[in-house]
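Visitor: Could you walk me through this model? Confidence to begin with, then packing.

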Amino acid sequence: MAARLLSLLVGAFTDRFRPMTTNTTGPAHPGTMWPPHLGQTPMISQRFTATPSQVRPARTFVAELLGDDHPCRDDAMLLTSELATNAVEHPTGPTDRPQEFLITVTFVLNGVLITVQDPGSSDIPCPKTTGPYATGGRGLALVNTLATRWGFHRDSIGTVIWFELTSPN
């Protein structure tokens, strides 16, 4: 219980992302709000059952929205796949209903913002260092490497891990 409370408090006040030159972190900082950069931008969402067979449809959902010519498409597909896999492999929440995760895609200036929401966990999402022969544990490390910025947000509904990709142009 204490670990869950600490996790909720840390999640409410902390976003993890690579350092940037401007302060765009989230609700813990004055003048910014969760979710980042959304404003009046339309969001497109789809729910998926938290089963391994739904990781591919989640990736396809993102790929189809971005289209073949979007400069962030490949990275967005890879990172969505990693976060959807995390939602499937680390299920939490009420056991009296099916576990689900929600993918939301938002087009932002020069890029895309993607969120993956699930019922949450008491662990704080952070990249891990894995050995060369490990078969997993690299998802958030990939997010940290490829995303322009990323973070997480917790509330009574669950955990949202988000990442933003910007095109190099």
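Visitor: What is the mean pLDDT of the protein chain?
Guide: The mean is 74, and 62% of the residues reach 70 or more. pLDDT is the predictor's confidence in each residue, from 0 to 100.

Visitor: Which elements have the lowest and highest mean pLDDT?
Guide: Helix α1 (residues 2–13) has the lowest, 37, and helix α2 (residues 55–66) the highest, 96. Helices (H or I, at least four residues) and strands (E, at least two) are DSSP runs, numbered from the N terminus.

Visitor: Where does pLDDT stay under 50?
Guide: Over residues 1–35, for which the model has 56 contacts beyond four places in sequence; contact means heavy atoms within 4.5 Å. Where pLDDT is low, the predicted coordinates should not be read in detail.

Visitor: Packing, then. How do the axes of α2 and α3 cross?
Guide: They come within 9 Å and cross at roughly 150°. Axes are lines fitted to C-alpha atoms, for helices over the stretch in contact, with angles from 0 to 180 degrees between N-to-C directions. α2 and α3 are therefore roughly antiparallel (over 145 degrees; under 35 is roughly parallel, 65 to 115 roughly perpendicular, the rest oblique).

Visitor: Which residues of α2 make the contact?
Guide: Val55, Ala58, Arg59, Val62, Ala63 and Leu66 of α2 do, against residues of α3 including Met77 and Val88.

Visitor: And how do the axes of α3 and α4 cross?
Guide: The axes of helix α3 (residues 73–89) and helix α4 (residues 139–146) also come within 9 Å, at roughly 150°, so α3 and α4 are roughly antiparallel to each other. Among the contact residues are Leu79 and Leu83 of α3 and Leu142 and Val143 of α4.

Visitor: How many salt bridges?
Guide: The count is 3, taking a side-chain nitrogen of Lys or Arg within 4 Å of a carboxyl oxygen of Asp or Glu. One of them pairs arginine 47 with glutamate 100, the closest N and O atoms being 3.9 Å apart. Arginine 47 lies in strand β1 (residues 43–49) and glutamate 100 in strand β2 (residues 100–108), 53 residues apart.

Definitions and conventions. Residues numbered from 1 in each chain as written. Predicted model: local features only at pLDDT ≥ 70, side-chain atom pairs only at ≥ 80, totals over all residues. Heavy atoms only, no water.
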